[in-house]
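Please keep the structure in view while reading.

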Amino acid sequence: MTAGELTGQVALVTGGAGGIGAVICRTLAEAGASVLVGFSGGEARAAALASELSGPGHHRALLARVDDSATLSAAAESVRLTEGRLDILVNNAGVTMPVPHDDLDGLTDDRIDTILRINVRGAFACTRAFAPLLRAEGRGLVVNISSVAGQTGVGSNVAYCASKAALDSVTRSLGRALAPDIRVLSISPGFVDGEYAQRMPDIVAAQLGRTPLGRLAQPQEVARAVLAAATLLSFSTGCIIAVDGGRPLG
């Protein structure tokens, strides 16, 4: 990474204070972007991260509750008035919970609705809210953080797998619909080394045995894929970028 590649650009990362989100924020800030650390709850954590980010940009926390379109509209207006532009939107906010795939009763209606509301509708609603700002620069970028679970059907629960497959479909549709002014890509990691993977050791161990590269993805590898989408893959849109160690080949 070359310092300053994103100098002058503004990036919003939803769910920015979480494990993967925080690493994405740090990576974009180090590349020169002004980073908006999007949060739904946990304002203090988001503000603390924003204060720690390096690089030449001006960073701040931003309330971006992805399942509340009114809040997203207010967030977009805040960015318009304060930063005056948005170049990169990373739809990283997401939820899940471990439910065995054969436990049909354990995956309740409420759990299904929550996962789809945040993981699919949330990414679409956030893109919709910020599209005018992204379009204004003529080279906006939306990066959806997806999962190999959307391709393999193996993950924390059935609804989560479905939500990531749907998110990839949204990426393809919006890649076509928003061109040429806004590019849309999915970054699709395998299991990422972190707190959540530690909560499902049996599932993770099974996936490692089926992954040709034999290890988990690192948060930094996901963040570097986001950076590559912003700096190197200038002729890519509507596509799914795998960061999964070859898991679908296993």
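Is Arg117 buried, partly exposed or exposed? With a relative accessibility of 27%, Arg117 counts as partly exposed; buried means under 20% relative accessible area, exposed over 50% and partly exposed in between, for a 1.4 Å probe and protein chains only.

The model is predicted, so local features need pLDDT of at least 70 and side-chain atom pairs count only at pLDDT 80 or more, while totals for chains, interfaces and linings use all residues. Residues are numbered from 1 along each chain as its sequence is written, and side-chain values use heavy atoms, with hydrogens and water left out.

**Salt bridges**

- The whole structure holds seven salt bridges, a salt bridge being a side-chain nitrogen of Lys or Arg within 4 Å of a carboxyl oxygen of Asp or Glu.
- One of them pairs Arg60 with Glu83, at 2.7 Å from N to O. This pair links distant parts of the chain, 23 residues apart: Arg60 is in strand E3 (residues 60–63), and Glu83 is in the loop between helix H3 (69–82) and strand E4 (88–91). Helices (H or I, at least four residues) and strands (E, at least two) are DSSP runs, numbered from the N terminus.
- Arg60 is partly exposed, with 22% relative accessibility.
- A salt bridge also joins Asp67 and Arg117, at 3.1 Å from N to O. Because Asp67 lies in the loop between E3 and H3 and Arg117 in helix H4 (residues 109–136), the pair ties together parts that are 50 residues apart in sequence.
- Asp67 is partly exposed at 25% relative accessibility.

**Helix H3**

- The 14 residues of H3 reach 20 Å from the first C-alpha to the last, close to the 20 Å expected at 1.5 Å a residue. The expected span is 1.5 Å times one less than the number of residues in the helix.
- Thr71, Leu72, Ala75, Ala76 and Val79 are buried in H3. Seen down the helix axis, the buried residues of H3 fall within an arc of 140 degrees, so they line one face; the arc is that of the directions from the helix axis to the C-beta atoms.
- The face of H3 turned away from the buried side carries Ala70 and Leu81, which are exposed.
- The cover over the buried residues of H3 includes strand E2 (34–39), E3 and H4.
- The N-terminal end of H3 is capped by Asp68, with a side-chain oxygen 3.1 Å from the backbone nitrogen of Ala70.

**His59 and its surroundings**

- His59 lies in the loop between helix H2 (43–52) and E3, and counts as buried at 17% relative accessibility.
- A polar atom of the His59 side chain lies 3.0 Å from the backbone nitrogen of Val35. The backbone oxygen of Gly57 lies 3.4 Å from a polar atom of the His59 side chain.
- Beyond its neighbours within four places in sequence, His59 is in contact with Ala29, Ala33, Ser34, Val35, Ala50, Leu53 and Ser54. Contact means heavy atoms within 4.5 Å.

**Leu107 and its surroundings**

- Leu107 is placed in the loop between E4 and H4 and is buried, with a relative accessible area of 14%.
- Leaving aside neighbours within four places in sequence, Leu107 is in contact with Val99, Ile112, Asn157, Val158 and Ala159.
- Leu107 and Val158 are 51 residues apart in sequence, and their C-alpha atoms are 8.0 Å apart in space.

**Cysteines**

- The whole structure contains zero disulfides, a disulfide being a pair of cysteine sulfur atoms within 2.5 Å.
- For Cys126, the closest cysteine sulfur is in Cys25, at 13 Å, which is too far for a bond.
- Cys126 is buried, with a relative accessible area of 0%, and Cys161 is buried, with 6%.

Terms used: Polar contact = N/O pair within 3.5 Å; in protein donor to acceptor, adjacent residues only side chain to side chain.
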